[in-house]
Amino acid sequence: MKTIEHFERALGRKALWSPHVNREAEIKENYVPRLRIYPHALRQQNAFYSPQKKSLLFGYFPTRPKDGKNTPGTTVFTCLSHDIIAHETTHALLDGVHPRFDEPVNEDVLAFHEAFADIVALFQHFSYPGVLRDQIARTRGNLARQSVLGQLAQQFALASGRGDALRNYLGKEVNGKWEPVKPDPTLLAQTAEPHDRGAILVAAVFSAFMKVYQMRTRDLFRIATEGTGVLREGDIHPDLVNRLAEEAQRCSERALQMSIRAIDYCPPVGITFGAYLRAIITADYDMNPIDRENWRLAFIESFREWGIAPRGARSMAEDSLLWPTGEEAAEELAKRAPLTERRDPGSARQNIRDVTTRMFQQSAPVDTSADEDYSRKALRTPQRPRNSTGSDVLTPAGLSMSRYDTWLDADRQAAMFHRWLMAEDWSWLARALGLVVDVSDLPKTISASKRNPDRANLEIHSVRTAMKRGPLGFPEQHIVVVVTQWRAGFLDVGKQQAIDQQPGGWSGLRPSVASNAGALRFTGA
């Protein structure tokens with residue numbers, strides 16, 4: 001429940017589990033009201049989230065080594081480990097937001113799933129005041145020293161003979177001496193295993209947290225050391241412990257909120273570590289345009305030190321990492337249009353402002369007959385949930401709505417947004433999103449409708465509400481719309497060219513490669 005609370009606070013909405021999907025049945029998606037938990041599911045050293053069962057399965061096993069901390073033969077239950085519970089619950093929550101993050105179309109996808117789950121579990125250590133104060137006192141306020149705050153699943157690791165912790169993000173023992181971890185920008189290119197590769201992302205995020213924590217506690221150490229910067233021998237004062245613990249807890253909560261809020265800004269497929277950095281920077285900028293504590297700078301510097309950068313990025317400056325707004329995309333589209341169709345970029349920017357207002361405040365001129373065909377969820381025709389508006393506009397889900405009503409309302413709005421993309425007078429929106437609607441003269445490997453091969457298949461993966469802070473500091477509800485489209489791609493150029501000309505070339509084929517176009521930001525009242 002603590003993990004779910006962190007997600008709901010960061011995202012500004014109720015958490016929903018990934019639905020049961022059966023694409024062959026008439027009813028393609030079924031609502032999942034709750035996550036099932038099996039505390040004694042496995043007699044083995046393991047625990048995992050099952051996307052098929054929508055459940056957490058925890059293992060149990062007898063201890064083996066005589067390490068002085070576990071009696072051989074006693075049973076260790078993974079369902080009693082805070083770290084393992086938080087880790088596996090995060091897998092389930094991430095699957096509810098991005099179910100296609102289990103498709104390993106690049107080396108970062110599976111690694112990101114593991115890393116993100118570790119990030120949440122790691123920062124939740126700082127939400128336990130007693131543990132935090134104890135570790136602050138033991139490390140004398142230096143969180144870069146060896147402590148349980150940077151370790152995951154200590155009992156599991158000890159009982160299974162895997163060392164002091166399953167994963168340690170602060171350092172490791174070398175020749176019997178503990179040494180702090182140092183950033184290595186070459187390590188990412190040498191690492192492929194998902195857990196090991198994910199550990200690099202976790203280290204980068206934790207390093208960003210450490211930069212801000214050290215900056216915010218520098219004055220406390222100056223006061224405590226009378227300007228020398230060197231603490232006297234012995235235990236530090238309890239008042240200093242409390243103040244350092246407060247700063248550590250505050251910084252960890254901000255880092256965790258930034259990390260979770262970013263998943264709304266991630267591409268729905270083919271996530272990369274660099275795209276996640278862009279999502280972190282953009283999400284935090286939309287929430288806090290003025291970064292007085294240099295959080296975004298800390299993340300950028302930390303990711304750079306670990307060799308993580310967005311693919312094709314010209315610069316690691318903050319402005320260069322922000323996802324483009326809808327207005328910027330429309331302006332760029334106007335510049336790249338053929339000379340005969342080119343418009344003034346300023347008018348394109350104004351056009352998208354007008355139409356964005358129309359999306360949120362006015363009815364769109366669309367045919368509603370396609371709603372029943374597009375609906376992918378439990379009801380063939382989306383019914384209007386309680387507390388939703390009657391107009392044909394995008395409306396944030398009410399926070400007082402039940403989870404089931406929120407799920408149904410998202411389906412209704414997904415069908416509505418799909419109609420907009422398919423309407424001819426809204427073709428600018430599809431182009432701004434990097435989508436194609438009319439595929440009559442395009443390669444046949446672009447996913448097309450079976451009933452009308454000249455029209456593309458577009459999936460509105462989700463329409464979800466996000467709570468953000470407005471210019472005056474008051475909370476505002478925004479809407480995040482996730483759209484996906486695919487084309488079968490092949491590494492063999494000859495095969496690609498041949499199937500591009502084959503009618504229905506996209507159908508029944510599993511592509512060898514995949515790509516995504518990132519994200520755009522649309523806001524409205």
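Predicted model: local features only at pLDDT ≥ 70, side-chain atom pairs only at ≥ 80, totals over all residues.
Contact is taken here to mean heavy atoms within 4.5 Å. Residues are numbered from 1 along each chain as its sequence is written, and side-chain values use heavy atoms, with hydrogens and water left out.

By this criterion, and not counting residues up to four places away in sequence, His-113 touches His-91, Leu-94, Asp-95 and Phe-101. His-113 belongs to helix α3, residues 109-123 (helices are DSSP runs of H or I with at least four residues, strands are runs of E with at least two, and both are numbered from the N terminus). With a relative accessibility of 11%, His-113 counts as buried (buried means under 20% relative accessible area, exposed over 50%, and partly exposed in between, for a 1.4 Å probe and protein chains only).

Helix α6, residues 194-224, packs with helix α9, residues 295-305, at an angle of about 140°, and their axes are 8 Å apart. Axes are lines fitted to C-alpha atoms, for helices over the stretch in contact, and angles run from 0 to 180 degrees between N-to-C directions. The two helices α6 and α9 are therefore oblique to each other; angles under 35 degrees count as roughly parallel, over 145 as roughly antiparallel, 65 to 115 as roughly perpendicular and the rest as oblique. On the α6 side, the residues in contact are Leu-201, Ala-203, Ala-204, Val-205, Ser-207, Ala-208, Phe-209, Lys-211 and Val-212, and these meet Trp-295, Ala-298, Phe-299, Glu-301, Ser-302, Phe-303 and Glu-305 of α9. The residues of this contact comprise 11 nonpolar, 2 polar and 3 charged (Ala, Val, Leu, Ile, Met, Phe, Trp, Tyr, Cys and Pro count as nonpolar, Asp, Glu, Lys and Arg as charged, and the others, Gly among them, as polar).

Phe-209 and Phe-299 also touch the most other members of the largest nonpolar core, which has 82 residues. Such a core is a set of buried Ala, Val, Leu, Ile, Met, Phe, Trp, Tyr and Cys residues joined through side-chain atoms within 4.5 Å. Helix α6 supplies the largest share of this core, 14 residues. Leaving aside residues up to four places away in sequence, Phe-299 touches Val-205, Ala-208, Met-258, Leu-277, Ile-280 and Ile-281. Another core, of 19 residues, lies apart from the largest one and includes Met-416, Phe-417, Met-422 and Val-483.

Two residues were examined for their backbone phi. Most residues other than glycine have a negative phi. Lys-54, however, has a positive phi near 55° and is placed in the loop between β4 (47-50) and β5 (55-62). Glu-226, likewise not a glycine, has a positive phi of about 55° and is placed in the loop between α6 and α7 (238-261). Lys-54 is buried, at 7% relative accessible area, whereas Glu-226 is exposed, at 74%.

Two C-alpha separations complete the description. Gln-45, in the loop between β3 (36-42) and β4, is partly exposed at 22%. The C-alpha atoms of Gln-45 and Phe-58 are separated by 9.0 Å, and the two residues are 13 residues apart along the chain.
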